[in-house]
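User: I've got a model open and want to go through its contacts and surface. Can you take my questions as they come?
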Amino acid sequence: MAIMQTRPRARRKYMQMGHAIREMMDDRNHELLPLDDIVEVDEACVGGAPKCLSGAYNPPGKGCGKPLVFVAASRDGQARAKVVSDDQRATLEPVLAGWIVSDDITLMTDGSTSYLGIGEMMEEHYRVIHSQHEYANPETGADVNTAEAVIAQVQRALVGVYHNLGSKHLQRYLDEIVWRWNHCEPAREVFKQWTTKSGALRKKTRVIWRPIPVLAQMRVLLQGAVGKQIRRSKEYGLCWP
């Protein structure tokens, strides 16, 4: 980013280099561990013109025309994200099936009806109904806070670093954000214990994660460069064989 500011004419070259680095962060070879145990899923609209621009207005809701991002996160720290065309079951179910190891998982979702059929294929399915101001259910331990935290990372990258994520390269930026999320190490555990209204004793342990050292990140990243090439397409964009 600093080089791009000091040498504006080299902007295209460094943008190309940045996308080449993000290409090494994708999981097309399925090297990451699959999601298992408790998996949370959620979706969000990402992108749009920056609010700092004069006259820029981003309507709320799924009818805003922004790209839709589908996120799944396991409570052990692993996460996935993909740009999807819509939030229907026929679209989301094949994507989720490629991320999980089996149907022997507990699925946590919000109140979207698209997840009802998907939840029937899992061992257990718990929901939190946001329209009823329910964001966590202490009776069942249901929430989608981990998936929402991944989405928050995407939104923070939009506000603090990239400012405008276009649909053309959005998946590459998602790969970068998820790659950073997945390459963390456990720092400490937080243990909670409470009694529900029905008198049942509940316990929950959450792991607090931190990024691995930068040199370790570079070592893992360069391992993904083997066998990959970057070429200029006829439209002067980026394409990979």
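User: What do the side chains of Arg 89 and Glu 93 meet in?
Analyst: A salt bridge, at 3.0 Å from N to O. Keep in mind that this is a predicted model.

User: Where do Arg 89 and Glu 93 lie?
Analyst: Both are in helix α3, residues 89-97. They sit four residues apart, about one turn of the helix. An α-helix has 3.6 residues a turn, so residues three or four places apart point the same way.

User: Is Arg 89 buried, partly exposed or exposed?
Analyst: Arg 89 is partly exposed, because its relative accessible area is 34%. Glu 93 is also in the partly exposed class, at 24% relative accessibility.

User: And what about Glu 185, which residue does it form a salt bridge with?
Analyst: Arg 210, with the closest N and O atoms 3.2 Å apart. This pair links distant parts of the chain. Glu 185 is in strand β6 (residues 184-195) and Arg 210 is in strand β7 (residues 201-211). They are 25 residues apart.

User: How exposed are Glu 185 and Arg 210?
Analyst: Glu 185 has a relative accessible area of 27%, so it is partly exposed. Arg 210 is at 46% and counts as partly exposed.

User: Which residues do salt bridges that share partners join into one network?
Analyst: Arg 22, Glu 176 and Arg 180.

User: How many salt bridges does the count come to?
Analyst: Six. One of them is Glu 40 with Arg 75, where the closest N and O atoms are 2.5 Å apart.

User: What does that pair tie together?
Analyst: Parts that are 35 residues apart in sequence, because Glu 40 lies in strand β1 (residues 38-45) and Arg 75 in the loop between β2 (68-74) and β3 (79-84).

User: Glu 40, buried or exposed?
Analyst: Buried, because its relative accessibility is 0%. Arg 75 has a relative accessible area of 17%, so Arg 75 is buried too.

User: Switching to α6. How many residues does it have, and how far does it reach?
Analyst: Helix α6 covers residues 170-182, which is 13 residues. From first C-alpha to last it reaches 18 Å. That is close to the 18 Å expected at 1.5 Å a residue.

User: How many of its residues are buried?
Analyst: Ten of the 13, so α6 is mostly covered.

User: Which ones?
Analyst: Leu 170, Arg 172, Tyr 173, Leu 174, Asp 175, Glu 176, Ile 177, Val 178, Trp 179 and Asn 182. Glu 176 also belongs to the salt-bridge network with Arg 22 and Arg 180.

User: Where is Lys 168?
Analyst: In the loop between α5 (145-162) and α6. Lys 168 counts as exposed, because its relative accessibility is 68%.

User: What separates its C-alpha from that of Pro 67?
Analyst: 9.9 Å. Lys 168 and Pro 67 are 101 residues apart along the chain.

User: What is the phi of Asp 37?
Analyst: About 60°, a positive value, although Asp 37 is not a glycine. His 133 also has a positive phi, near 60°, and is a residue other than glycine. His 133 is in the loop between β5 and α5. At 64% relative accessibility, His 133 counts as exposed.

User: Last one. Which residues make the nonpolar surface patch?
Analyst: Val 214, Met 218 and Leu 222 make a patch of about 290 Å². Met 218 lies in helix α7, residues 214-223. Its relative accessible area is 40%, so Met 218 is partly exposed.

How values were computed: Residues numbered from 1 in each chain as written. Predicted model: local features only at pLDDT ≥ 70, side-chain atom pairs only at ≥ 80, totals over all residues. Heavy atoms only, no water. Helix = DSSP H or I, 4+ residues; strand = E, 2+ residues; numbered from the N terminus. Expected span 1.5 Å × (residues − 1). Buried < 20%, exposed > 50% of the residue type's maximum accessible area, 1.4 Å probe, protein only. Patch = residues over 30% accessible without salt bridge, like charges linked within 9 Å, V, L, I, M, F, W, Y side chains within 5 Å. Areas by Shrake-Rupley, 256 points an atom, 1.4 Å probe, with all protein chains shown as cover. Salt bridge = Lys/Arg side-chain N within 4 Å of Asp/Glu carboxyl O.
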